[in-house]
Amino acid sequence: MPDTEFGTFFIPGPTEIRPEILGQLTRPVIPHRGKAFEAMFARIEAGLRDVLLTARPVYVGATSATGFMEMAIRNAPEGTILCLVNGAFSERFAVVAESCGRRVERVIVPWGAAFDLTVVEDALATRKFVAVTVAHCETSTGVLTDPRTIAELAHRYGALALVDSVSAAGGAELMVDAWALDFLLTGSQKALALPAGLAFAVAGPEYVERAKSVPHRGFYFDVLQYEKYAAKHQTPSTPATNLLYALEAQVGDIGREGIERRWERHAAMRDATVAWVDEVRERRNVDLSIVAPEGSRSPTVSVVRVPPGMSTTDLRQSIAQRGYTIGGGYGELAATTIRIGHMGDHSLEGLQRCLHACELSLAELAEKRRLVRV
Ligand SMILES: *Cc1c(COP(=O)(O)O)cnc(C)c1O
């Protein structure tokens, strides 16, 4: 357990960073227009291509992931964008689009639900959209949406697929090229277990081609600039070089683990959390449930409904005293759920220890309520 006020992090971002990765930040600065930098950046790009399974350039931005959501929108062709909204982050994608002056239509499902694909297809078939936005993992609910299916549907109706994989990439199965995703974005502080401050994106060939005729792409997030500089193993403006040191080390470690094995480890952590929820009900008579429906549960974050009337604030405080920081509920689910972020470099054994601490706190709070009632 790290010796800090917050204990070990099991929140859905920022995630726990291994000390050897954090330690990279103190390496001496190098100039970013020079051979040493270009060699390092080329190694980073190769490592990221293996994480995202793409042969395209991977853009690396000094921004939080929301910046690259804006990139996805600003460089998209003119026309109406269909936003699939099933929680806070997919709604943010729609709001980003609107704030960039785009016309937006939403397919909305209740928080915690998965999309009905016939409804999505119906929207695409009846009106003309240039692009569809989707959150691979909706971090506010723990619902996973298969971006490959959404991309197939979008392409059938001539739209591009813009995918927010911020809390999925590096933990959930993802193949940017094989799934023909037109724009894929993610961030550093979620399943990649890096310090916050970097975003990554891949733009498909058609997206880049069509970006050329998009007026007012803006300057900082212009994909054509990113394309141009990627060809030189550079970034358009000053890179966050010290964060890149950590990134270089981390993509090396992810490569050694193997991306498929990393997906399997995350799936095992999801399965263990789902099983634990049932066990706690049996063992402790504490009524927990997973918000996401079976078959749509993210391998990176589980959103767990706590018994009615239990204070999630008290619960998280009690868990913190046992050495773990877990996530609070988000938005509509703030008062009724906790979020266990089992993503990044956590092991199944480490997660089991966290779940054990959660269980002790749940039992303690449930017992207190029973005593109060009688
Ligand atoms: C965390 C998150 C974001 C926002 O990322 P920032 O790095 O905070 O800008 C966007 N989408 C999803 C799905 C996320 O989980």
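The legends below describe close-up views of a predicted model. Local features are given where pLDDT is at least 70 and side-chain atom pairs count only at pLDDT 80 or more, while totals for chains, interfaces and linings use all residues. Residues are numbered from 1 along each chain as its sequence is written, and side-chain values use heavy atoms, with hydrogens and water left out.

**View 1. The largest pocket and its lining, to which 17 residues contribute.** A pocket here is an open set of points on a 1 Å grid over the protein atoms alone, where a 1.4 Å probe fits and protein lies on both sides within 12 Å along at least five of seven lines; lining residues have an atom within 4 Å of a point. The volume, about 270 Å³, is the space filled by probe spheres set on the points, which are joined across faces, edges and corners. Leu144, Glu173, Arg270, Arg297 and Pro299 lie nearest the centre of the pocket. Helix H10 (residues 259-284) supplies the largest share of the lining, 3 residues, and at least three residues come from each of domain 1 (8-15 + 259-373) and domain 2 (19-257), with bounds taken from an automatic or database domain assignment.

**View 2. Helix H5 (residues 117-126) and its buried residues.** Helices (H or I, at least four residues) and strands (E, at least two) are DSSP runs, numbered from the N terminus. Val120, Ala123 and Leu124 are the buried residues of H5, where buried means under 20% relative accessible area and exposed over 50%, with partly exposed in between (1.4 Å probe, protein chains only). Because they cover an arc of only 95° around the axis, these residues lie on the same side of H5; the arc is that of the directions from the helix axis to the C-beta atoms. On the other side of H5, Thr118 and Thr126 are exposed. The cover over the buried residues of H5 includes strands S3 (81-85), S4 (104-108) and S5 (131-135), together with helix H6 (147-156).

**View 3. Leucine 153 in helix H6.** Leucine 153 is buried, with a relative accessible area of 5%. Neighbours within four places in sequence aside, leucine 153 is in contact (heavy atoms within 4.5 Å) with Leu117, Val120, Glu121 and Leu124.

**View 4. Glutamate 38 in helix H2 (residues 35-52).** The relative accessible area of glutamate 38 is 18%, and this residue is buried. Not counting residues up to four places away in sequence, glutamate 38 touches Lys232, His233 and Gln234.
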